[in-house]
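Thanks for coming. I have one protein to show today, and I will go through it piece by piece. Please look at the picture first.

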Amino acid sequence: MNKTIGILAHVDAGKTTFSEQLLYHTKSIRQRGRVDHKDAFLDSHHIEKERGITVFSDQALINYNDSNYYLIDTPGHVDFSPEMERAIQVMDYGVVIISAVEGVQAHTETVWQLLRKYKVPTFFFLNKTDRVGADVEGVLEEIRLNLTDDVCPITNAFDQGEIKEALIEFIAERDEFLFEKYMEEDYDKDLWLEALRSMIKENKIYPCASGSALQDIGIISFLEQLDQLTVTYYSDEKQFAGKVYKIRHDDNGTRITYMKAIRGTLKVRDELSYGGDDNRICEKITQIRVYNGSKFKTVDKVVAGQVFAVTGVTTAAAGDGVGDLKEKGVYEMIPTLKSKVIFDSSLNVKEVLKSFKILDAEDPSLNVIWEEKLKEIHIHVMGTIQLEILQALIKERFGFIVTFGIPEILYKETINTVVNGYGHFEPLGHYAEVHLKLEPTKRNSGITFENICHVDNLTTGHQNLVRHHIYEREHHGVLTGAPITDIKVTLLTGRAHNKHTSGGDFREATYRALRQGLEKAKNVLLEPFYDFKIKVELDHLGRVLSDIQKSYGTFDPPKTVGDKAIITGKVPVVNFMNYSTELASFTQGRGMIHLSFGGYYPCHNEEAVVEKIGYKKDADMEYTSSSIFCSKGQGYVVSWDQAESEMHCLD
């Protein structure tokens with residue numbers, strides 16, 4: 001049986017040490033490494049060893065009883081949450097490590113929410129029980145309060161397949177049939193074991209064990225429990241389908257595509273397809289690798305449930321379905337900051353950009369952008385620690401030094417009125433016209449497209465071209481040049497010419513129609529918001545509420561639990577980026593704050609931001625709103641406010 005187990009935690013909870021123990025006890029490694037000794041098996045990268053933190057998600061292979069375990073160790077620092085999220089999508093089960101001393105931390109909640117988003121069955125392991133101040137019962141209560149009521153201790157309740165009565169009662173409370181069996185005092189071992197497995201698989205129960213990874217307490221028993229309580233069902237008899245979760249490049253520059261087989265079988269030299277229906281790509285697999293830490297062995301084939309890597313795939317991205325799986329991942333951990341790359345003028349800018357594009361393939365959340373007008377490279381980041389790691393990584397891998405500008409907020413734009421946009425492109429020898437309807441949609445819905453154009457006006461092929469051009473790139477708004485979002489674009493009608501319409505004409509007409517519509521609309525600047533959860537003593541409640549209001553945030557009615565207050569709400573990222581430091585200061589470290597990306601909403605100081613950015617919309621020639629018409633063999637430009645009257649077709 002193939003099982004993919006993810007190890008997740010807040011930084012310093014002991015996740016990597018826990019993984020080392022599992023590897024050691026299954027004879028996957030001969031000697032246990034330690035983070036502080038810089039010899040941990042899964043922190044194999046030089047930067048991870050030096051920093052003492054996990055930056056990259058790495059996998060190890062464990063054979064235990066009759067199962068193959070693909071163990072994925074994930075980053076624990078919030079700046080590397082996108083890397084963690086990409087790994088979560090291929091996990092069969094997750095194991096969340098929580099310190100029995102520090103308890104549920106801010107990032108623990110982020111980890112938990114991502115596991116729930118992807119419906120990954122989850123175990124808890126309360127670590128560091130040997131430490132002074134460890135409080136297993138207290139942390140269990142924190143889990144119930146902050147994460148789930150369905151957590152159940154198994155350290156002393158489940159052993160060698162035997163289930164104690166307290167655990168049976170816990171299971172019975174969640175199923176009517178089982179409750180009847182419990183009342184009848186039917187304690188059939190197989191019945192309750194299968195019920196426990198099923199409820200874990202269905203995310204109805206979350207088992208919790210405890211021990212000490214460093215002192216090797218409770219690790220073997222947890223491994224036995226994990227083995228008995230986890231089950232996977234994969235078929236290698238169907239057409240191959242898989243999911244890409246990571247891209248890397250080896251020392252020779254070869255692109256390595258990591259994926260998991262969901263069903264079917266994949267062999268070397270097989271053709272593997274991926275990409276959308278409009279541009280499906282098919283490439284031949286040249287090598288299949290099964291990684292164990294930084295080393296790998298080549299195999300001729302893999303089957304459903306295995307985690308592996310291939311060469312020969314050149315453009316598939318993390319989140320892409322491959323083979324018979326065509327879905328694409330939509331990620332929740334989105335950077336809200338951007339930074340300029342600063343490098344010595346003696347360096348070849350094309351080589352620098354090429355290096356960043358390699359990093360962009362490995363971490364698509366970087367969203368590397370070349371600003372042609374400014375001759376600058378910009379990247380998107382989660383925080384300053386990520387920039388420090390990037391700086392070291394670039395020096396080590398590519399041999400040059402970069403620094404980064406102060407991170408700035410990533411804004412977006414939308415509209416709040418319904419308008420029609422018109423675009424015409426007719427220089428001599430070309431012809432295309434597009435009419436679009438632009439409507440505001442619900443917040444954080446992105447760009448959607450609808451087509452109500454009749455084939456008598458535009459062929460299906462030309463209609464598909466318009467749709468493709470709407471989605472092929474981010475489109476600039478007119479307030480700050482930020483990407484537009486939360487807009488429904490409807491193709492109303494258009495016109496082509498049998499002789500003169502050629503490739504690219506509909507791209508020009510579509511871009512101009514979209515921009516012309518934005519010129520006429522009421523535009524709104526959006527900024528990123530945090531969803532926050534703050535836990536403080538009641539004495540500090542007034543201060544926190546005041547800080548939220550001063551930061552232009554909103555909050556729900558506070559909840560009181562004992563002598564603590566819990567406040568949840570939304571607040572602009574720009575005003576709360578450094579609030580955790582301030583909170584720690586005035587609460588003497590006893591306050592807790594959890595911040596997660598909460599979407600984009602109207603900017604609290606739009607006028608000031610627009611003025612500061614100073615975007616000159618008429619100077620952005622890549623996003624022009626004017627149209628080009630032709631008369632007597634000569635093309636001429638018509639400004640956006642005059643273009644509608646000269647269009648050739650009616651809506």
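Which residues does T230 touch, not counting residues up to four places away in sequence? This is a predicted model, so every answer I give is read from a prediction. In that model, T230 touches M1, K3, Y69, Y93 and F123. You will find T230 in the loop between α9, residues 219-229, and β10, residues 241-249. T230 has a relative accessible area of 3%, so it counts as buried. There is also a polar atom of the T230 side chain that lies 2.6 Å from the backbone oxygen of L226.

Two of those partners come up again. Y93 and F123 belong to a cluster linked by ring pairs, together with F18, F125 and F222.

Now the whole protein. How many helices and strands does the secondary structure come to? The count is 18 helices and 36 strands. The radius of gyration is 28 Å, close to the 26 Å that the globule rule gives for 651 residues, so the protein is as compact as a globular protein of that length. Along the principal axes, the C-alpha atoms fill a box of roughly 90 × 65 × 60 Å.

Some totals follow. Buried residues make up 52% of the 651 residues. The accessible surface is about 29,500 Å², and carbon and sulfur atoms account for 48% of that surface. If we take contacts between residues at least 6 apart in sequence, 73% of them join residues at least 24 apart.

Next, the inside. In soluble globular proteins, nonpolar side chains tend to be buried together. Here the largest nonpolar core has 51 residues. Which of its members touch the most other members? They are F124, I143 and F308. Take I143 as a case: leaving aside neighbours within four places in sequence, I143 is in contact with I98, V104, F124, L126, T148 and V151. A second, separate core has 46 residues, including I379, L387, I389 and L545.

F124 leads on to the aromatic rings. The structure holds 17 aromatic pairs. One of them joins W112 and F124, which are stacked, at 5.4 Å centre to centre with 25° between the planes. W112 sits in helix α4, residues 106-117, while F124 sits in strand β5, residues 122-127, and the two are 12 residues apart. Are these two buried or exposed? W112 has 7% relative accessibility, so it counts as buried. F124 is buried too, with a relative accessible area of 0%.

Now the backbone. Most residues other than glycine have a negative phi, and most peptide bonds are trans. K128, which is not a glycine, has a positive phi of about 65°. K128 is placed in the loop between β5 and α5, the latter being residues 136-146. Despite being a lysine, K128 has 16% relative accessibility and counts as buried, because the cut-off for buried is under 20%. R269 is also not a glycine, and its phi is positive, near 80°. R269 lies in the loop between β12, residues 265-267, and β13, residues 271-274.

While we are at α7, look at its other end. This helix covers residues 176-183, and at its start a side-chain oxygen of D175 reaches to within 3.0 Å of the backbone nitrogen of F177.

Two more residues before I stop. Where does T26 lie? T26 is in the loop between α1, residues 15-25, and α2, residues 46-51. T26 is buried, with a relative accessible area of 11%. Not counting residues up to four places away in sequence, T26 touches I62, N63, Y64 and L223.

The last one is H435, in strand β27, which runs over residues 432-440. H435 is buried, at a relative accessible area of 1%. From C-alpha to C-alpha, H435 and D130 are 69 Å apart in space, and in sequence they are 305 residues apart.

That is what I have. Questions are welcome.

Terms used:
Residues numbered from 1 in each chain as written. Predicted model: local features only at pLDDT ≥ 70, side-chain atom pairs only at ≥ 80, totals over all residues. Heavy atoms only, no water. Polar contact = N/O pair within 3.5 Å; in protein donor to acceptor, adjacent residues only side chain to side chain. Helix = DSSP H or I, 4+ residues; strand = E, 2+ residues; numbered from the N terminus. Core = buried A, V, L, I, M, F, W, Y, C linked by side-chain atoms within 4.5 Å. Buried < 20%, exposed > 50% of the residue type's maximum accessible area, 1.4 Å probe, protein only. Contact = heavy atoms within 4.5 Å. Rg over C-alpha atoms; globule rule 2.2 N^0.38 Å. Areas by Shrake-Rupley, 256 points an atom, 1.4 Å probe, with all protein chains shown as cover. Phe/Tyr/Trp six-rings, centres within 6.5 Å; stacked < 30°, edge-to-face > 60°.
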